[in-house]
Amino acid sequence: MYIFFYILYNIYITMPSKMFWQSENKIPIGQSSIALPSENNLDHTAGQKVQFHIPASTEFINPAETYFKCDCEISIPGGAKTNLQLDADIGAQVLIKDIRIRTRDGILLEEIQNYNTLVSVMYDYNVDDNLRKKRSMTEGATIQNPLCGTNGGCVETNKNDVLSNPYFKRQSVAPTDDSLGFKKAKLLLPLHTGIFQNSKVFPVMLVDGVIVEMILEENHKVFRQLDTVLLGRNAANNPAFLNVDGADATADLADGSTLTEFYVDPDTNSQFTVENFPFRIGETFKFVDTSSMNVENDILTTDEVTAGGGASFTITGIDADTGAGSKNKIKVSVTSATTTGGGEDLSNDHVLVSTSAYGTDFDPIYTLSNLELIVQQLQMPDGYKSSLMSSMKSGGTMVYDFLSYSNHRISTLKSENVINLRLPLQNSRAKAIWCVGTDATNRSVGNIAGAFGEASGTSVGAPNYFQFKDAHAQSTATFSDRAGLEGCVDFLSNYQFLYDNKLQPNRRVDCTKTGNKKAISQQPLVELEKALAMGGVEPRSFRKYNKNFVIGRALSLGDGVYDCRGKDFSLQLEYNGTEQTVNKLWNCYCAHLRGLQISGQNVVVNL
């Protein structure tokens, strides 16, 4: 396959320019795809380093078409039973914690810390239906499956697919054992770094080869349970109790009764076939009354029906059964136990809530295999390469610019109401700043995957960071299951940047409505839209303005840049008197143009 480029569009050399009237010739360039295995060519798990070497013999590559390819398989060695997947919105990008690109001689060309947090900003704000579907096909993200849809009055969820989920097999019509059936997900991930998102040809031969290093994220931050089994992720989406005899009409079960089997309401949340049922044999659960749920000041209170003494029920069988009625239903068998609801009968208002993530046997891990870096190699004509090398030897310098991101991390405490974040920016060509205040609480894998923390045994425990609820129903309350990955607004009142001895903007940006988690403050979105656009992200959607809260500031407009050197940057935050609910780690990304100056055997990185 041959493609054509204007070479001077891709790389340019500081040499005497050609005459004004001299034409530029197009040259044919061949392109071929090559797969580079990881350095040790072994399987990798959480916390390990994955390393690829792009040799100098590759000569030239098209960096924008470089992909990380691998297979990912989830398992739970401890034996807990529940369906698990990776993050629904950024997919397997959540597995990459840090990424570094350097030359073979050790010159650091680019480094992005908390890469997965950066990608969450890019994907949450640059998204539409087409992009979401594309990411679900190649990157391990998931989308809302209408066949597993809900009618509980909640917003659509992208973590409800039990029919075509890439991480586990669909449940059989009549499951007979507790096998979860995890499967290998085939992944093909673009790398969202400055170099590998650049449209300009990259001269690997002139830097004597490139090393790509990725540090894999820890297990406790990457897994998610389905939203349709959790209490804190729109509980109205969950399967609802119908009765114990299979009649078509609902019927309550008196408190203190013996429960061995029950039927799920087929008219609620598409629960009319076993394949649609999101729970598994061996999974533990409680019944929670959605009509009595209440969220005040980030505290969730519920009424529960348990298996006595606060214990969970354990599923022993799942069958398709019409029971005493005529409708198709799901019959759930459980270990025999006496219901305990504190005098509350088991009714149609009660939904099933998984507690499998809170036992000591919940220890999921992921394994990556068949790791490859897919690179598009360009075959330049011999005459062009000879001319290029001759020009370099005669004192020419190649300049290669790309848009990159540097991360400045700062910790703050929830007890602070007035905060001043000092940002040590020293970039000569800065474009924008994105500040993401993530939940810094030390949470276990079950706390994040299940959206609830401080659990004990099989207790559901206290919720994670509260994001929002719809005004019409407490059962639509949503708590975060992406701790450390997305921004928390957490009662922020206002903010303002200070740099170049001036307050920017000249008035404080009011965030009260968004901070109180009840409405939308307009001005922060206006500021963020400009900052995202200047940072190379097309702001297509602000649907997650309160779930992944980002403070943005554009440092220039259009093609302009801003020189940060010698200036004192800070972000001033004020909270509205209500104490924050979580300590925060602020990831402050500065989008900037970074340049490589290549001359002879020397490579200089200009920030």
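**From one loop to the whole chain**

Mentor: Let us begin with T58, which sits in the loop between β5 (49-54) and β6 (60-61). Keep in mind that this is a predicted model.

Trainee: Is T58 buried or exposed?

Mentor: T58 has a relative accessible area of 2%. Buried means under 20%, so T58 is buried.

Trainee: Which residues is T58 in contact with, leaving aside its neighbours within four places in sequence?

Mentor: I34, Q377 and L378 are the contacts of T58 on that basis.

Trainee: Now the cysteines. How many disulfides does the count give?

Mentor: The general idea comes before the case. A disulfide is a covalent bond that joins the sulfur atoms of two cysteines. To call one, we look for a pair of cysteine sulfur atoms within 2.5 Å. By this rule the count here is zero disulfides. Take C72: the nearest cysteine sulfur belongs to C70 and is 6.6 Å away, and C72 is in no disulfide. C435 is in no disulfide either, with the sulfur of C588, the nearest one, 3.6 Å away.

Trainee: And are C72 and C435 buried or exposed?

Mentor: C72 is buried, at a relative accessible area of 0%. C435 is buried too, with a value of 1%.

Trainee: How should I read empty space inside a model?

Mentor: Empty space shows up when a probe the size of a water molecule is rolled over the atoms. In this case, a search of the whole structure turns up one cavity of 30 Å³ or more. The largest cavity has a volume of about 60 Å³.

Trainee: Which residues line the largest cavity?

Mentor: Its lining consists of V94, N114, N116, T117, E217, K221, A483, G484 and L485. Sorted by class, that lining has three nonpolar, four polar and two charged residues.

Trainee: Let us step back to the chain. How many helices and strands does the protein chain have?

Mentor: The protein chain has seven helices and 35 strands. Its radius of gyration is 27 Å, close to the 25 Å that the globule rule gives for 607 residues, so the chain is as compact as a globular protein of that length. Along the principal axes, its C-alpha atoms fill a box of roughly 90 × 55 × 40 Å.

Trainee: What share of the 607 residues is buried?

Mentor: Buried residues come to 56% of them. As for contacts with a separation of 6 or more, residues 24 or more positions apart account for 78% in this chain.

Note on methods
Residues are numbered from 1 along each chain as its sequence is written. This is a predicted model: local features need pLDDT of at least 70, side-chain atom pairs count only at pLDDT 80 or more; totals for chains, interfaces and linings use all residues. Side-chain values use heavy atoms; hydrogens and water are left out. Buried means under 20% relative accessible area, exposed over 50%, partly exposed in between (1.4 Å probe, protein chains only). On a 1 Å grid over the protein atoms alone, a cavity is a set of points where a 1.4 Å probe fits but cannot get out, and a pocket is an open set with protein on both sides within 12 Å along at least five of seven lines; lining residues have an atom within 4 Å of a point. Grid points are joined across faces, edges and corners, and a volume is the space filled by probe spheres set on the points. Ala, Val, Leu, Ile, Met, Phe, Trp, Tyr, Cys and Pro count as nonpolar, Asp, Glu, Lys and Arg as charged, and the others, Gly among them, as polar. Helices (H or I, at least four residues) and strands (E, at least two) are DSSP runs, numbered from the N terminus. The radius of gyration is taken over C-alpha atoms; the globule rule is 2.2 Å times the number of residues to the power 0.38. Contact means heavy atoms within 4.5 Å.
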